[in-house]
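Let's take a walk through this structure together, one chain at a time and then across a contact between two of them. Keep the 3D view open as you read.

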There are 4 protein chains.
Amino acid sequence: MIIVMESRATQEDVQNVLERIEKLGLKPHLSRGTERTIIGVIGDERLINREQLSLLPHVENVIPVLKPYKLASREFQPANSIVDVAGVKVGGEEVVIMAGPCSVESEDQLMSTAQAVKSAGATLLRGGAYKPRTSPYAFQGLGEDGLKILAKAREATGLGIVTEVMESSEVELVAEYADLLQVGARNMQNTKLLRSLSKLAKPVLLKRNFSATLNEFLMSAEYLLSGGNSRVILCERGIRTFVEYSRNTLDLNIVPAVKLLSHLPIIVDPSHGTGRHDLILPMSRAAIAAGADGLIIEVHPRPDEAYSDGDQSLTPATFRELMSDVGKISRAVGRRLKVTP
Amino acid sequence: MIIVMESRATQEDVQNVLERIEKLGLKPHLSRGTERTIIGVIGDERLINREQLSLLPHVENVIPVLKPYKLASREFQPANSIVDVAGVKVGGEEVVIMAGPCSVESEDQLMSTAQAVKSAGATLLRGGAYKPRTSPYAFQGLGEDGLKILAKAREATGLGIVTEVMESSEVELVAEYADLLQVGARNMQNTKLLRSLSKLAKPVLLKRNFSATLNEFLMSAEYLLSGGNSRVILCERGIRTFVEYSRNTLDLNIVPAVKLLSHLPIIVDPSHGTGRHDLILPMSRAAIAAGADGLIIEVHPRPDEAYSDGDQSLTPATFRELMSDVGKISRAVGRRLKVTP
Amino acid sequence: MIIVMESRATQEDVQNVLERIEKLGLKPHLSRGTERTIIGVIGDERLINREQLSLLPHVENVIPVLKPYKLASREFQPANSIVDVAGVKVGGEEVVIMAGPCSVESEDQLMSTAQAVKSAGATLLRGGAYKPRTSPYAFQGLGEDGLKILAKAREATGLGIVTEVMESSEVELVAEYADLLQVGARNMQNTKLLRSLSKLAKPVLLKRNFSATLNEFLMSAEYLLSGGNSRVILCERGIRTFVEYSRNTLDLNIVPAVKLLSHLPIIVDPSHGTGRHDLILPMSRAAIAAGADGLIIEVHPRPDEAYSDGDQSLTPATFRELMSDVGKISRAVGRRLKVTP
Amino acid sequence: MIIVMESRATQEDVQNVLERIEKLGLKPHLSRGTERTIIGVIGDERLINREQLSLLPHVENVIPVLKPYKLASREFQPANSIVDVAGVKVGGEEVVIMAGPCSVESEDQLMSTAQAVKSAGATLLRGGAYKPRTSPYAFQGLGEDGLKILAKAREATGLGIVTEVMESSEVELVAEYADLLQVGARNMQNTKLLRSLSKLAKPVLLKRNFSATLNEFLMSAEYLLSGGNSRVILCERGIRTFVEYSRNTLDLNIVPAVKLLSHLPIIVDPSHGTGRHDLILPMSRAAIAAGADGLIIEVHPRPDEAYSDGDQSLTPATFRELMSDVGKISRAVGRRLKVTP
């Protein structure tokens, strides 16, 4: 941590800061420049409350030197984490595709989608039983009935299940059915939920909030890691910008940025990320080309009758096309697409 | 709802849309332009899934005509809602100031702050017992102990208590202590929490998420209203933008926009909204000048020792100055500042 | 400037950076922490190319300590700059209102608007002769004919003229007619235009680009100041965000931020800043309450027939109401509204 | 264009709107819904000033049905435009790479870069002679001397030249030297510059402003097309968001969106788009996978000594790696990389 003093700071102001740093059990290091005096702080700055120092008289700025996260950093763990989800390895050489409907609507709908995505080669089945909706008047999901339908689909197809959990009080129940528990974008900073999931013996899919910085995203992962759950998969799903031609702006830049700064796997959700079915194929190809470890894709047998997110769902036919495209890109970047036999 | 057909849509495509609308129990209304055919939908469009229609062949765009919220709209209720919080009326002629520390840290800290803000004229006491923090290593609040300290401060000062609730499972507990239950920005779309609060006989302070549109903000209020709780106070607390000189961008434009579109009261949180103590006074004046019904302000007896948010906390002395400034602006806009005697 | 080395940097990497700094004629200052080595640079960092240093092997980050602007900073000039525009002082105790139509459409239109805004008390007349329009098919302004009409209005009313200049080659011509030359938001970083204006003996109204940071805004002012023109008035006119209920997001936070960091006057344009006539009055009050030195307001005798920006234009009657409101707020913040007798 | 009346609009208000539409030479079409009356406008809405209609009494909203651009739309021209730049075809089957230094610094620097990018297979040479810089104290380019050095490099290597023009008064001069004239992001809405370029017999590379919507971007292209220059290449170069780990947010979503809506070719600039040399390779692969017609890349023989943009420049060695990667991706999407023999 570096403390920049204002140009008008007196000797006394500087002394005051030095004393505060020592009181915190850390070592200050003074450097007088031509326009500013600067004080370096030696020791683990993560333990200090930056804001307290910034309020001492005539402090101009307090600049952190270290990243706020530790366990999530590549500096802490240089090798890639590989997360096992019902036997499927995410973060290794193989590119993994999760697919299924936005919401579980009925047994028929889910079963037919599950068969379709399996036959196209998807390795995990997604489907929402608890749905966080903007409108109180919209379909809110089938709840536990939805979970039971998902379990049936797993039995029938052998595909592991990815589904969302919305509150800490529901973690136990959802974990009975799910192979990978999803934290939705709106819950990325639901700290009670993160703490519950950090005690769980199942992997977590952590979606980026649509206005989260990379630091904030990795700090939410840090909640899971520091609580004891190291099986964390990150997911980019679009950020909110001024842009008008897509519902969100899928931010693929975060994929290589995560790869540089963290050891965690990251997948991409181009369905929510763009909100437009006609952008999903090109952005899926781009995601894998940028280095993503997989995709999560909304597929519905009849998008024009979907209870939710029809706009951004692929038909089974288009999904097969996506699998073919993504297979080619995977090979072009020296990886291969994991395909269910 | 208006459906715009692509220029290449055939007679059959149009017929297809007409039939679907009728199947939904609504009445279509056809209009052929020079470049596009347009179909109006007569009936309550809120009941239709917009996305399903947009996927019919050669539909270019589906444009909603009505706002997605109903109970929150000024069209539904033309007169201002006035919300009673422990005897203090929010949304009427008087401007109401809520103040107190970011976190309850100790009985001493809270009591001295409570006395200070009361003597300066604040009418409600804020303080966090449950704190949603970006970092798992940061202070997370005193929990129920914090609530008990808040209750003591109410006894001592007579000020009503404003405090955050973070999960539906905690609503009952927090409601035992609080006079106004705050939904934090990160929880604005926590639908389970909103549903729990909608059944409560206490008022709710709903903070805007830092990337929420006005529609989304009012839809979250609609969860509360449609569930049966009409005592809703909105709160603007800054949005996330590219701007670098304030932690968030306090968006005062939403204040007059809410006044045009909704009957609900709206207050402003310039502490979180700017994240800089040196911007709080001018932005507090501006908020009241823009038509806000009140403010919520972070005050700490020693900001440079605060466990959280010291950067954006006022000292008791600066808070008195704020009350004086805001009193003058209130009169300039034909209102008056509510002051605790 | 502070250089943070990666944790894996060797003694040699550090030595390499020290040598580079000395080669640049500056003095390095080494500090070894527990996790990172940090090198302070003593001397005027504005003369160094930050990017070059950041590319030396195993440099993690290069952090500037000083602001990039100098002449525009309050540190350089502690007292407020007061800019004289045709005898009207901007930046002093008095709040100054500039008003007029978006575009000069005809002599009749301009004359009647000029009389109306003058009789309401405005002290400067705005009107566009050169119009930068998003669409090539929209009205692009009357050009020099518009300037001539503006000059006539000045003769008739005595009001000084504010009008936009779009290119360096037109500076001379526009300066013949205008009392205050406006740089539009789209041209805030048109460096050739800024350089031409920096040689001019007339004041400049510099509008903030809708995605400019405060640093960038003040750096554009620095172009004018460093070229020799110290008569610069800043103008906030709304930034681009995800918000949907106003065309832009008027960012009033920049007003007190500029007052802290710079000596330059700043006014606010709530017409462009909100893009909605029904938000202009409350946001005008808020702007003055936040500390703005004035306003620039679009007024049109018949907004529903305006060639441009009718949506955000006030009628003369509403403008009179604005003047009354703003007068009250000015007094509430200890200033007074400058009114043309 | 569709006009939505407020629910409280009277028969008279509706009549008023109908008359205004007819006065404008267009045909209204009335539709009375259960909650709103809606009026369709039949005829070319691009000729109407939307804002005027929105101001008629009790009009709630005026919604455009058509896109604001015409000549740039795929509806107007279904087949892809292919733009010839010094014999290199952009927008066809082949992927085209333009490369070179940010600024022309000296003959030596440019020549060695030109040879390096040519030997790696680049087909066009970029280099800035006129540089728009944020700071007045930064290197502003060599001007015409830079153009002359570019011309020499063309002679020596046979590579066509891409360089920026900043003002309409300089178009003629720059066009003497350049094969492709670049409009920088800051000038995307410099309408005088666009008009000058629209009369030119040379192709134009139009960079997206960092806060431009797709509509605005295509409207700037429309200035060029409607003025008579149909040789327009679009370029995405990053938008401004809240994101902190890249200087800009490269928005690849616009690539497939442009392909749907327009016939114009689009290339991507990952150097400016990310601002970080370590993100350029993955984002280059992603750009081509998303469907871009080419890339423009900053290459410098010694990035740590570059006068500008060193941070985001590749070394010749890394650029060769990029060419190899991009070649593989091109083949994976059924295209091939154009390579200079």
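Two strands count as paired if DSSP finds at least two bridges between them. Keep in mind, too, that this is a predicted model.

Strand 1 of chain D, residues 2-5, pairs with strand 4 of chain D in the antiparallel sense, over four bridges. To see one of these positions, pick I2(D): its bridge partner in strand 4 of chain D is I63(D).

Now widen the view to the sheet. Chain D has an open sheet of four strands, ordered 2-3-1-4, with antiparallel pairing. Strand 2 (27-32) and strand 4 (59-63) of chain D each have a single partner strand, so these edge strands have one side without a neighbour in the sheet. From one strand to the next, the twist averages 20°. Helix 1 of chain D, residues 11-23, packs on this sheet and touches strand 1, strand 2, strand 3 (37-42) and strand 4 of chain D. The direction of this helix makes about 155° with that of strand 2 of chain D.

Next, turn to chain C. Here four strands form an open sheet in the order 2-3-1-4, and the pairing is antiparallel. At the edges stand strand 2 (27-32) and strand 4 (59-63) of chain C. Strand 2 of chain C pairs with strand 3 (residues 37-42) of chain C in the antiparallel sense over six bridges, and P28(C) stands opposite V41(C) in strand 3 of chain C. Helix 1 (residues 11-23) of chain C packs on the sheet, and its direction makes about 155° with that of strand 2 of chain C.

Finally, let's look between chains. How much area do chain D and chain B bury between them? The value is about 2000 Å², with 61% of it on carbon and sulfur atoms. The contact takes 25 residues from chain D and 25 residues from chain B. On the chain D side, E35(D), V65(D) and E75(D) supply 22% of the area that chain D buries against chain B, more than any other three residues.

Charged groups meet here as well: there are two salt bridges between chain D and chain B. E75(B) forms a salt bridge with R36(D), with the closest N and O atoms 2.7 Å apart. Seven residue pairs are in polar contact across the interface of chain D and chain B, both residues at pLDDT 80 or more. Strand 2 of chain D gives the most to the side of chain D that touches chain B, with four residues. By class, that side of chain D has nine nonpolar, seven polar and nine charged residues.

Definitions and conventions
Residues are numbered from 1 along each chain as its sequence is written. Chains are lettered from A and ligands numbered from 1 in the order in which they are written. This is a predicted model: local features need pLDDT of at least 70, side-chain atom pairs count only at pLDDT 80 or more; totals for chains, interfaces and linings use all residues. Side-chain values use heavy atoms; hydrogens and water are left out. Helices (H or I, at least four residues) and strands (E, at least two) are DSSP runs, numbered from the N terminus. Axes are lines fitted to C-alpha atoms, for helices over the stretch in contact, and angles run from 0 to 180 degrees between N-to-C directions. Contact means heavy atoms within 4.5 Å. Buried area is the accessible area (1.4 Å probe) that two parts lose on being put together, summed over both. A salt bridge is a side-chain nitrogen of Lys or Arg within 4 Å of a carboxyl oxygen of Asp or Glu. A polar contact is a pair of N or O atoms within 3.5 Å; within protein, one must be able to donate a hydrogen and the other to accept it, and residues adjacent in sequence count only if both atoms are side-chain atoms. Ala, Val, Leu, Ile, Met, Phe, Trp, Tyr, Cys and Pro count as nonpolar, Asp, Glu, Lys and Arg as charged, and the others, Gly among them, as polar.
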